[in-house]
Amino acid sequence: MSLHHLYLSLLIGGFVLLASIVGTRVATGVGFPSLLFFLLVGIVVGEDGLGLQFDDVELARDIGTAALAVILVEGGLTTRFSDIRKVLAPAGTLATLGLVISTAVSAVGAHLLLRIDWQLALLLGAIVSSTDAAAVFSVLRVLPLPRRVAGLLEAESGFNDAPAVILVIMFSVVPFALDPVGALLDVAYELVIGSAIGLSVGLLGSVALRRIALPASGLYPIANFGLGLVAFGAAGSVHASGFIAAYLTGAALANSGLPHRSATRSFAEGVGWLAQIGLFVLLGLLVDPTDLAGDVLAAIVIGLVLLLVARPLSVVGSLVWFRAPWRDQVFMSWAGLRGAVPIVLATFPVVAGVPNSYRLLNIVFVLVVVFTLVQGPSLRPIAHRLGLISREATREIQVEAAPLDMLDAELLTMTVQPTSRLHNVTILELRLPDPAVITLIIRDGHTFVPIPDTRIETGDELLIVTTSKTRAAAESRLRAVSRRGKLAYWFDEYGDIE
């Protein structure tokens, strides 16, 4: 590639990225996953649009698998264990037993209604039965649902990618031969070993990151993501589930009390969005819109079977042991959102050489687009009708997490060194320029809000909020007192940078 072509590629890539971000803003207002806009961008740029040709299914599968790993690490890093602790058992059942029920029912429907052979029917059932983590996270986290419902759906979407991949790979064997006992053992091995690797990497990584002081705070989010990718690769190398390993590593790290959690969460969300945009645009490029028309009816038929029969049966069959309220079950039956995962899974049999499997890719693509348009915007009104969301819920109190730059403020952190004369200085004696203020002190692992008479001690980590205009003055005052004590100005010490 010449330098000119590189510049041109970066220019087009930048415009595609910005267009996708604008689409995300529109999608959030409408109420359905932004994946549709990303797919549309890929189609517009593709062969039937601006003419960019891309038909390498194997490359799409590889990039899609890597992107899903990143998305699952992000899902784990942004999951609060307190939200899913009580629903781990039902979520695990729904992600395994529920997936098997949905696969079987969808496969029977595809075989009888679409007249396709059993291998393609089983593949189609396994592909469309997995809910999509990216779609679920992006839609449900903006709805004020009860945590028992939202946590269950989020945990299910994080867990069920692994068994879905296992089933798809199993059904993609040519020539097709199904061994139920061997299949069950393979699934158990992949899930158990993948979970063990994910939790081990997450726990060991959290211990290491607490003991190692990295030179820059920006390295902590990168280290967290690196550990998630290590777990994914390690599990895959021993033929275990890398997907569940990546998710559990992220969840273990996020809930182990690591430093810079807010920065890690923000970084994870940004990388997750970038992976989603790249993945969906790539999948939009892969599909040729002129080939989709012949499979629209088939996609709608199997989508209706999935939405009205397979998904409800899988929810009822999985949650009957946990006495879930019927309202929760109805909502979860409707809220099984599909997205990138089924489309990526549809590339597996194509690469494996399964006869007529390219048709599955077209069917799944149309199904995802059509039923996302139906399900996404309808979730809020259905939750209202079921009484899961009070109409006054969003009016009672609204709390927003505003970035400091929106408030023209900055957060500073400072550790009091053994040689610093800040030791034993009170907050009042420190006399930071207004409106700078020490909001929190972390001392011996405990966090508290200081009062004017609080004395600073060696080893304290101070969190200071100031405005952009007073930051320099606040830093100078901290340096001055650190060098000469609370009477620094009497000694003509004003904290100038040496």
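Biologist: Leaving aside its neighbours within four places in sequence, which residues is Glu156 in contact with?

Modeller: Setting those neighbours aside, Glu156 is in contact with Ala91, Leu94, Ala95, Thr131 and Arg311, where contact means heavy atoms within 4.5 Å. Please keep in mind that this is a predicted model, in which local features need pLDDT of at least 70 and side-chain atom pairs count only at pLDDT 80 or more, while totals for chains, interfaces and linings use all residues. Residues are numbered from 1 along each chain as its sequence is written, and side-chain values use heavy atoms, with hydrogens and water left out.

Biologist: Where does Glu156 sit, and is it buried or exposed?

Modeller: Glu156 belongs to helix α8, residues 147-159, and it counts as buried because its relative accessibility is 2%. Buried means under 20% relative accessible area, exposed means over 50%, and partly exposed is in between, with a 1.4 Å probe and protein chains only. Helices (H or I, at least four residues) and strands (E, at least two) are DSSP runs numbered from the N terminus.

Biologist: OK, zooming out, how many helices and strands does the chain have?

Modeller: The protein chain has 20 helices and four strands, and of its 498 residues 49% are buried. Among its contacts with a separation of 6 or more, 78% are between residues 24 or more positions apart. The chain exposes about 23,900 Å², of which carbon and sulfur atoms supply 64%; such areas come from the Shrake-Rupley method with a 1.4 Å probe, and for residues only the protein chains shown count as cover.

Biologist: Which residues of α6 are buried?

Modeller: Helix α6, residues 118-128, is mostly covered, with 10 of its 11 residues buried; they are Gln119, Leu120, Ala121, Leu122, Leu123, Leu124, Gly125, Ala126, Ile127 and Val128.

Biologist: And what covers them?

Modeller: The cover includes α5 (88-114), α9 (161-171), α14, α16 (340-352) and α17 (358-385). At the start of α6, a side-chain oxygen of Asp117 comes to within 3.0 Å of the backbone nitrogen of Gln119. For reference, a polar contact is a pair of N or O atoms within 3.5 Å; within protein, one must be able to donate a hydrogen and the other to accept it, and residues adjacent in sequence count only if both atoms are side-chain atoms.

Biologist: Switching to the strands, what does β4 pair with?

Modeller: Strand β4 (residues 461-467) is joined by seven bridges to strand β1 (residues 409-415), and the two run antiparallel; β4 also pairs with strand β2 (residues 437-443) in the antiparallel sense over five bridges. Two strands pair if DSSP finds at least two bridges between them. Thr413 has Leu463 in β4 as its bridge partner, and Ile438 stands opposite Ile464 in β4.

Biologist: How many salt bridges does the count come to?

Modeller: The count comes to 10, a salt bridge being a side-chain nitrogen of Lys or Arg within 4 Å of a carboxyl oxygen of Asp or Glu. Glu58, Arg61 and Asp62 are linked in a network of them, in which the side chains of Arg61 and Asp62 meet at 2.9 Å, N to O.

Biologist: Which residue forms a salt bridge with Glu457?

Modeller: Glu457 forms one with Arg443, the closest N and O atoms being 3.5 Å apart. The pair links distant parts of the chain, with Glu457 in the loop between β3 (446-448) and β4 and Arg443 in strand β2, 14 residues apart. Arg443 counts as buried, because its relative accessibility is 18%.

Biologist: What about Arg483, which residue does its side chain meet?

Modeller: The side chains of Arg483 and Glu493 meet in a salt bridge at 3.1 Å, N to O. Arg483 lies in helix α20 (residues 471-484) and Glu493 in the segment after α20, so the pair ties together parts that are 10 residues apart in sequence.
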